[in-house]
Amino acid sequence: MILPALTEAESPFWRPIKYSLFPPLGLATLAAYLSPDDEIDLQDQHVEVLNLDDEPDLVIIQVYITNAYRSYKIADHYRKKGAYVLLGGLHVTSLPDEAMPHADTIFLGPGEETFPQFLKDFKANQAKPIYFSAKRSLDTIPKIRRDLIKRHLYLVPNSIVVTRGCPHHCDFCYKDAFFEGGKSFYTQKVDDALAEIDRLPGKHLYFLDDHLLGNSKFATGLFEGMKGMNRVFQAAATIDSILRGNLIEKAAEAGLRSLFVGFETFSPENLKQSNKKQNLKKDYKAAVQRLHSLGIMINGSFVFGLDDDDKDVFKRTVDWGVENGITTSTYHILTPYPGTRLFQQMEQEDRILTRNWDLYDTRQVVYKTTKLTATELKEGYDWAYKEFYNWSNIFKASLTHPSAKHKLKHFLYSGGWKKFEPLWNFLIKTKNLNNMLPLLEAILSKVKLEKGVKGTEFQPAHKLQINKNKSCLK
Ligand code: SF4
């Protein structure tokens, strides 16, 4: 089972730490369907040199858009040697015709239901060229083969996924293409998710779910069950789920300490263009305030290059992040992934500039822009990263929090993530990355909020002054 390295992981701008965070959980999940007698080698090119000299019966390769060409080369190499090659993943599902000539079998969509069927067929020498997942459920998935994961090579070996997909339908998101033809959002049983958490050593967990708060009944059960488990965790959720009800308080009580939030853009026009309805007319500042009032750090995601973006968008976005105490920012250049509605629309309008998938890494401009030139967009994107992560802005953003502990946590997390590259590289080279986990757990420890300190009490959105017709930035 092979996860080939993403092309950007080997660019001169490669930050090795970014690609040494999470193990290949999807492959370890599929491995659980193989027999305990099968000899399995799970290789992740992001953290190890691939051994391609072996003679396996079956090779399974996970294909993303920027490792597609590399995946095809590895597939061709093994097929020449007589191995049976299966390709699956996001890119294969989006472009099956492209992947097909490099594989004996391709998998479209998630593999939990179809992989057991494939194995039966494969053993009977009757494997089909295409398996398409129509029925989807996580009710009978076996225990993930975490024993195949080389834990010491990752900073966050305890990554976990307890749902699949997302209830929303943003036009630039890969999600709808991958889940087309079946349910696009479904969850594990709460008890199964809790049992998987219980099997994980240590304190720290990273939920890689697209939207952990997407099903309120499931998330409530999960957070209730996690109370008392003494965990700290990181996850992703949408702005509307932060503002709605009291699910986010339950998450905080269960140990949520840092949240990835898709702010994406402040422009209502851009939100409409992207079908990101769940962000429309939502008060971004109120969501930030609510998270901070619970001691939760924020990793904000922002997209540059939507059609309503002008030259000022970079400065506006960076300033807003700093002023609102966003701990880390992830910026992307808009990228029309094949299979998405955004790609279809841009193709119709003849706006796709290249089909070299290696360039689809959200750091390059691959489409015809409107208000910004391609150079302005690329330079603005590079500038935003540098500006947000300069020491003065890290310091300034840290100081926005009322409690001394939150200030310090912010400073260490943001500075540690972006400013200690040589240390990360040293830890990766000496295979000591996992030894940093206790420090990460300490940084993610609970902030005891002082009563009455200005800024620690969350005010519900309806009590704040919201100008619904203007973007949240204004
Ligand atoms: S909310 Fe996030 S995961 Fe869900 S469809 Fe939109 S971009 Fe994709």
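Visitor: What makes strand β3 largely enclosed by the rest of the structure?
Guide: This is a predicted model, and the label rests on a count of neighbours. A residue is buried if 20 or more other C-beta atoms lie within 10 Å of its own. In β3, residues 58-62, four of the five residues are buried, so the strand is largely enclosed.

Visitor: How do you know that β3 is joined to strand β4?
Guide: Two strands pair if there are at least two bridges between them. Five bridges join β3 to β4, residues 84-88, and the two run parallel. L58, for instance, has Y84 of β4 as its bridge partner.

Visitor: Is L42 buried, exposed or partly exposed, and what decides it?
Guide: L42 sits in the loop between α1 (25-31) and β2 (43-44). The cut-offs are 20 or more for buried and 12 or fewer for exposed. L42 has 19 other C-beta atoms within 10 Å, and is therefore partly exposed. Its C-alpha atom is separated by 9.4 Å from that of I60, 18 residues apart along the chain.

Visitor: Which strands of the open sheet of six stand at its edges, and what makes them edge strands?
Guide: The order is β7-β10-β11-β12-β13-β14, with parallel pairing. β7 (159-160) and β14 (328-333) each have a single partner strand, so one side of each has no neighbour in the sheet.

Visitor: How many bridges join β7 to β10?
Guide: Two bridges join β7 to β10, residues 204-207, and at least two are needed for a pair. I160 stands opposite F207 of β10.

Visitor: What span is expected of helix α17, and what does it reach?
Guide: α17 (residues 404-419) has 16 residues; 22 Å is expected at 1.5 Å a residue, and the helix reaches 21 Å from its first C-alpha to its last, which is close. Buried residues in α17 are H406, K409, H410, Y413 and S414. These cover an arc of only 110° around the axis, which puts them on the same side of α17.

Visitor: Which classes make up the shell around the ligand?
Guide: The shell has three nonpolar, five polar and two charged residues. Among the residues around the ligand are C166, H168, K175 and D210.

Note on methods: Residues are numbered from 1 along each chain as its sequence is written. This is a predicted model: local features need pLDDT of at least 70, side-chain atom pairs count only at pLDDT 80 or more; totals for chains, interfaces and linings use all residues. A residue is near a molecule or strand if its C-beta atom, placed from the backbone, lies within 6 Å of it. Ala, Val, Leu, Ile, Met, Phe, Trp, Tyr, Cys and Pro count as nonpolar, Asp, Glu, Lys and Arg as charged, and the others, Gly among them, as polar. The expected span of a helix is 1.5 Å times one less than its number of residues. The arc is that of the directions from the helix axis to the C-beta atoms.
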